[in-house]
Amino acid sequence: MRILSVLFVLLFLSACGGPQLPFLGNNARILAFGDSLTFGVGAREGMDYPAHLARLCGCEVINAGVSGETTAQGLTRIGELLDETQPDLLILMEGGNDILRNQDKAQLKRNLEAMIREAQGRQVPVLLIAVPDRKVFLSPLPLYQELAEQFSLPLLEDTLPQLLSQSAMKSDTVHLNDAGYQLLAEEIYQLARESGAF
């Protein structure tokens with residue numbers, strides 16, 4: 001009987017398919033934190049990914065994107081913002097400007113780690129989004145996977161690099177357009193659902 005119980009638990013965990021989020025429902029407040037890709041540079045008004053996500057989940061999504069921000073700058077503001085907004089979920093997508101400016105990737109990782117700790121110290125779960133490295137063939141930086149494993153976070157790893165590899169999804173070389181932001185929001189929502197948030 002005990003063996004059957006253990007097998008059931010293992011099957012349940014494998015069916016969950018990765019780190020889980022607490023159930024949020026429609027009354028949730030989500031903090032979308034990041035740089036210009038969160039702010040929505042390249043999108044028409046109301047077509048940024050947080051706005052799309054709010055329509056998909058039927059909940060409040062706060063757009064806390066700051067264009068041009070590095071992870072060092074993000075780290076200086078995230079704690080106060082978490083206290084002000086008291087979100088039920090943090091969506092963290094930052095690091096692109098560090099990469100574009102050839103800043104130290106080890107420091108980038110430390111900054112993201114500190115941001116995750118700021119959220120988890122306030123009992124705010126985190127969904128992490130990987131940004132691509134600066135290469136001809138865009139691929140996510142491995143440090144995002146390392147952080148997701150370290151903190152047991154749901155990770156949207158390949159979506160942003162894939163979208164930024166398609167000219168039809170971009171408004172310029174580093175930003176998405178309306179269609180790109182919509183697809184990004186759909187993938188975030190799907191991951192959140194698979195992780196138990198909705």
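This is a predicted model: local features need pLDDT of at least 70, side-chain atom pairs count only at pLDDT 80 or more; totals for chains, interfaces and linings use all residues.

How many of the six residues of β1 are buried? I count five of the six as buried (under 20% relative accessible area, with a 1.4 Å probe and protein chains only), so β1 is largely enclosed by the rest of the structure.

Residues are numbered from 1 along each chain as its sequence is written, and side-chain values use heavy atoms, with hydrogens and water left out.

Next, the sheet. I read it as open, with five strands (DSSP E runs of at least two residues) in the order β2-β1-β3-β4-β5 and parallel pairing (at least two DSSP bridges between two strands). β2 and β5 stand at the edges with a single partner strand each, so one side of each has no neighbour in the sheet.

I then went through the bridges. β1 has six to β2, with Leu31 partnered by Ile62. β1 has five to β3, where Gly34 partners Met93. Two join β4 to β5, and Leu128 stands opposite Leu155.

Last, helix α3 (a DSSP H or I run of at least four residues). α3 lies across β1, β2, β3 and β4, at about 170° to β2. Its buried residues include Tyr49, Leu53 and Cys57. At its N-terminal end I found Asp48 as the cap, a side-chain oxygen 3.0 Å from the backbone nitrogen of Ala51. Just after α3, Gly58 has a positive phi of about 70°.

Conventions: Buried means under 20% relative accessible area, exposed over 50%, partly exposed in between (1.4 Å probe, protein chains only). A polar contact is a pair of N or O atoms within 3.5 Å; within protein, one must be able to donate a hydrogen and the other to accept it, and residues adjacent in sequence count only if both atoms are side-chain atoms. Contact means heavy atoms within 4.5 Å. Axes are lines fitted to C-alpha atoms, for helices over the stretch in contact, and angles run from 0 to 180 degrees between N-to-C directions.
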